[in-house]
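Open the model in your viewer and keep the sequence panel beside it. This tour goes from stop to stop, saying what to select and what is there.

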Amino acid sequence: MAMIKTVLKLDISCQKCKTKVLKAVTSLEDVDKVETDEAKGTIGVIGKADPYKIVKITRKAVSSAGKVVEVVSIGPPPKPDEKKPEEKKPDGKKPDSVPCICTCPPYPPYGSSYIVVPHETQPSCSIL
């Protein structure tokens, strides 16, 4: 059986119910990953487990609290190389850096010389 992502909608704002659901779902064989989104009220289960068993065990876990479990989607999980549209890839350019205009202020002397931290933008700065 191939990897399947099962997304369920339920009220998981209560910590006790959330713990019950997570324990029940993770007890199933072939569950690889469980994702919860409290803002949306969803739980996503990725693995080779049977979606029917996931729904059944989740409904059983929250039935005592009178909560309803709805199936949002069942299908293949997103590919690992896919990114969310919000995330932007860096274009490879370094941001325009402001040139260092300092004159390398002297630091407290150690012995007879000064220690100066080199600047990235001014490579001529070094230990005097």
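Start with the whole chain. Of the contacts in the protein with a separation of 6 or more, 58% are between residues 24 or more positions apart. The model is predicted, and its pLDDT averages 75, with 62% of the residues scoring at least 70. Color by secondary structure next: the protein has 2 helices and 4 strands, and from the N terminus on they run β-α-β-β-α-β. Of the 128 residues, 24% count as buried.

Now color by confidence. Among the elements, strand E1 (residues 4-9) has the highest mean, at 94, and H1 has the lowest, at 89. Then select residues 109-115, where pLDDT stays under 50. For this stretch the model has 9 contacts beyond four places in sequence.

Go back to E1. Is this strand mostly covered or mostly open? It is mostly covered, since 5 of its 6 residues are buried. E1 pairs with E3 in the antiparallel sense over 6 bridges, and Lys-5 has Ile-46 of E3 as its bridge partner. E1 also pairs with strand E4 (residues 70-75), again in the antiparallel sense, over 5 bridges. There, Leu-8 has Val-71 of E4 as its bridge partner.

Which element gives the most?

Leaving out residues up to four places away in sequence, Val-21 touches Leu-10, Ile-43, Thr-58, Ala-61 and Val-62.

The last stop is Asp-30, in the loop between helix H1 (15-26) and strand E2 (31-37). Check its backbone angles: phi is near 65°, a positive value in a residue other than glycine.

Key
Residues are numbered from 1 along each chain as its sequence is written. This is a predicted model: local features need pLDDT of at least 70, side-chain atom pairs count only at pLDDT 80 or more; totals for chains, interfaces and linings use all residues. Side-chain values use heavy atoms; hydrogens and water are left out. Contact means heavy atoms within 4.5 Å. pLDDT is the predictor's confidence in each residue, from 0 to 100. Buried means under 20% relative accessible area, exposed over 50%, partly exposed in between (1.4 Å probe, protein chains only). Two strands pair if DSSP finds at least two bridges between them.
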